[in-house]
Amino acid sequence: ASIEGVDLVLSNNDKGELFRRVAALAGKGPAQFTSCDAEELTNFFAAFSSGDRTRAFLKVQDGCDYKCAYCTIHYARGASRNMPIADLVKEAEQIAAAGQREIVITGINTGDFGRTTGERFIDLLRALNEVEGIERYRISSIEPNLLTDEIIAFCASSPKFQHHFHIPLQSGSDSVLARMRRRYTTAKFAERIEAVRRLMPDAFIGIDVIVGFPGETEADFRTTYEFLERLAPAYLHIFPFSERSGTPAVDFPDKVQPSVATRRVEELEKLCRRLHGEFCARAEGTTDEVLFESTMRGGMMFGYTGNYRRVKVLYDRSRINTICRVRLGRMDDANDLEGEIVDN
């Protein structure tokens, strides 16, 4: 607020009130608004957005009570909070009324849902499962310590909840995880992956990894690499460590050189390409259900199976936003599977 030219400072939760506030300040000079008291981040606003005609993103939770050593989210977003399940069901019903078939359930710490209302994340999933018109749900990301056996069993048994999990790991070294202030060990993480695969053997599992965290030795990185290779996820989201002002990690000793972090990213990206290719190739010659999207490239249209393999078929406008039974053929260099629609 003290920066020259800044007239007003609003929190993230004030975006919906922006025009009202600007109108209230109309006619007053900038000098009168060179500072603004920070408001406590306790509100939650319903929000859903559309990524494609077929899919919507429903925000069910905001904020985070975790204080990982590298993260500013708990400062910027405030405490974990949510709307009641009944209100979120109404949001899902609006999405269904608009004709979209799939909802991605999102949040800052999605699995921590219920702090505000005393409800449970599993109860939200059960309620959303009953919304007519929505045929697919995906959980965008969930912490391994919050991915319970109850949630796994429900997703395995529900025809609507897809076998697709995005689970942040951050490091395969227990000593690095401890310095990061994460809430699990590699043994616990591996046990959760095994719990998913026991009930959903061909589930898509995506994993977040940070490399170059202060104090990460070459031995730590090799341990992470080998741990991920053993887990064999379908995809890796890889990030070099980046300092965030105000976080404890800024003051940690034994910084990793950027060139070293870059090389480690490249190694994991190569591993990711191999693992993702192997995951997609396993579906060659099988039949699966695909929800097709509106994008057309080179005369082809694309869609995803429930476990997030991408499939391409000849473009057919009538198939957009429909779930089709597809025979999966050869995988191309982009890991897309050629498909042949066999029925609706």
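Which residues of α5 are buried? You'll find the answer in the second close-up below. This is a predicted model, so local features need pLDDT of at least 70, side-chain atom pairs count only at pLDDT 80 or more, and totals for chains, interfaces and linings use all residues. Residues are numbered from 1 along each chain as its sequence is written, and side-chain values use heavy atoms, with hydrogens and water left out.

**View 1. The whole chain, before we zoom in.** Of its 344 residues, 48% are buried. Here, buried means under 20% relative accessible area, exposed means over 50%, and partly exposed is in between (1.4 Å probe, protein chains only). Now take the contacts (heavy atoms within 4.5 Å) between residues at least 6 apart in sequence: 71% of them join residues at least 24 apart.

**View 2. The buried side of helix α5.** Here are the residues we asked about: I151, I152, F154 and C155 are the buried ones. They sit on the same side of α5, because they cover an arc of only 165° around the axis. That arc is the one spanned by the directions from the helix axis to the C-beta atoms. What do these buried residues pack against? Their partners are α4, β5, β6 (164-170) and α7 (186-199).

View 3. In α4 (residues 121-129), the buried residues are F121, I122, L124, L125, L128 and N129. They span an arc of only 155° around the axis, so they too end up on the same side of their helix, α4. Packed against them you'll see β2 (55-62), α3 (85-97), β4 (102-107), β5 (136-139) and α5 (149-157).

**View 4. Where α3 meets α4.** Two packed helices are described by the angle between their axes and the distance between the axes. For α3 and α4, the angle is about 35° and the axes are 10 Å apart. Axes are lines fitted to C-alpha atoms, for helices over the stretch in contact, and angles run from 0 to 180 degrees between N-to-C directions. From α3, the contact uses I85, L88, V89 and A92, while α4 brings D123, L124, A127 and L128. Sorted by type, the contact residues are 7 nonpolar, no polar and 1 charged. In this sorting, Ala, Val, Leu, Ile, Met, Phe, Trp, Tyr, Cys and Pro are nonpolar, Asp, Glu, Lys and Arg are charged, and the others, Gly among them, are polar.

**View 5. H276 in helix α9.** H276 belongs to α9 (residues 258-281). Its relative accessibility is 15%, so H276 counts as buried. A polar atom of the H276 side chain lies 3.0 Å from the backbone oxygen of A234. Setting aside neighbours within four places in sequence, H276 touches F204, A234, Y235 and N335.

**View 6. Two loop residues with positive phi.** Most residues other than glycine have a negative phi. A232, in the loop between α8 (218-231) and β8 (235-240), has a positive phi near 50°. Y308, in the loop between β10 (300-305) and β11 (310-314), also has a positive phi, near 65°. A232 is partly exposed, with a relative accessible area of 35%, and Y308 counts as partly exposed at 26% relative accessibility.

Methods
Helix = DSSP H or I, 4+ residues; strand = E, 2+ residues; numbered from the N terminus. Polar contact = N/O pair within 3.5 Å; in protein donor to acceptor, adjacent residues only side chain to side chain.
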